[in-house]
Amino acid sequence: MVSPENAKSSSDDEQRMELDEEMENEICRVWNMSTDENVALFLQEFNAPDIFMGVLAKPKCPRLREICVGILGNMACFQEICVSISSDKNLGQVFRPSYSAGNKQVVTYLPFPDRSGQCLG
């Protein structure tokens with residue numbers, strides 16, 4: 001499960017959380033499996049991108065956020081899913097805090113379609 005981190009919370013009074021090892025291992029298995037197009041399509045069918053976006057919008061657990069970005073990045077390697085994810089109007093709002101906080105890897109990790117609609121990456 002997710003548990004509070006021992007370190008003191010930041011000035012914004014949000015308590016940071018960390019995954020326990022078993023939960024992290026399970027979620028990382030999904031991350032690894034998401035490189036398979038059939039698994040990525042399965043995840044999309046069950047609205048996993050929306051769930052992951054919800055996790056990204058509330059960054060209390062940096063490791064979980066990293067894993068969700070990784071899964072979304074893997075899923076976005078497939079054209080149909082890339083177009084679907086990148087057309088989400090909330091995408092910019094979800095990633096803007098990461099970008100402004102100096103975590104530019106989050107933004108550059110995901111492939112986005114170019115002007116012709118072809119996904120880059």
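How many helices and strands are there in the chain? The chain of this predicted model holds 7 helices and 2 strands.

**Figure 1. Overall arrangement and confidence of the predicted chain.** Read from the N terminus, the elements follow the order β-β-α-α-α-α-α-α-α. The chain has 121 residues, of which 31% count as buried. The mean pLDDT of the chain is 75, and a value of 70 or more is reached by 62% of the residues. Of the elements, helix H2 (residues 37-45) has the highest mean pLDDT, at 96, whereas helix H7 (residues 104-109) has the lowest, at 49. Over residues 6-13 the pLDDT stays under 50, and the model has 2 contacts beyond four places in sequence for this stretch. Where pLDDT is low, the predicted coordinates should not be read in detail.

**Figure 2. Packing of helix H2 with helix H5.** Two packed helices are described by the angle between their axes and the distance between the axes. For H2 and H5 (residues 79-86), the angle is about 35° and the axes are 10 Å apart. The crossing of these two helices is left-handed. H2 contributes Ala40, Leu41 and Gln44 to the contact, and H5 contributes Glu80, Ile81 and Ser84. By class, the contact of H2 with H5 comprises 3 nonpolar, 2 polar and 1 charged residues.

**Figure 3. Packing of helix H3 with helix H4.** The axes of H3 and H4 (residues 62-75) come within 9 Å of each other and cross at roughly 145°. H3 passes H4 in a left-handed crossing. On the H3 side, the contact consists of Pro49, Phe52, Met53, Val55, Leu56 and Ala57; these residues meet Leu64, Arg65, Cys68, Val69, Ile71, Leu72 and Met75 of H4. Divided by class, the residues of the contact of H3 with H4 are 12 nonpolar, no polar and 1 charged.

**Figure 4. Asn47 in the loop between H2 and H3.** Most residues other than glycine have a negative phi, and most peptide bonds are trans. Asn47, although not a glycine, has a positive phi of about 60°. Asn47 counts as partly exposed because its relative accessibility, 44%, falls between the limits of 20% and 50%.

**Figure 5. Ala48 in helix H3.** Ala48 is found in H3, which spans residues 48-57. With a relative accessible area of 7%, Ala48 is under the 20% limit and therefore counts as buried. Ala48 and Cys68 are 20 residues apart along the chain, and their C-alpha atoms are separated by 9.6 Å. Cys68 is also one of the H4 residues in the contact with H3.

**Figure 6. The aromatic pair of Phe42 and Phe46.** A pair of aromatic rings is described by the distance of the centres and the angle of the planes. The count comes to 1 aromatic pair. This pair is formed by Phe42 and Phe46, with ring centres 4.8 Å apart and an angle of 50° between the planes.

Conventions: Residues are numbered from 1 along each chain as its sequence is written. This is a predicted model: local features need pLDDT of at least 70, side-chain atom pairs count only at pLDDT 80 or more; totals for chains, interfaces and linings use all residues. Side-chain values use heavy atoms; hydrogens and water are left out. Rings of Phe, Tyr and Trp (its six-membered ring) pair if their centres lie within 6.5 Å; planes under 30 degrees apart count as stacked, over 60 as edge-to-face and the rest as tilted. pLDDT is the predictor's confidence in each residue, from 0 to 100. Helices (H or I, at least four residues) and strands (E, at least two) are DSSP runs, numbered from the N terminus. Contact means heavy atoms within 4.5 Å. Buried means under 20% relative accessible area, exposed over 50%, partly exposed in between (1.4 Å probe, protein chains only). Axes are lines fitted to C-alpha atoms, for helices over the stretch in contact, and angles run from 0 to 180 degrees between N-to-C directions. A crossing is left-handed if the near helix is turned anticlockwise from the far one by less than a right angle, and right-handed if clockwise. Ala, Val, Leu, Ile, Met, Phe, Trp, Tyr, Cys and Pro count as nonpolar, Asp, Glu, Lys and Arg as charged, and the others, Gly among them, as polar.
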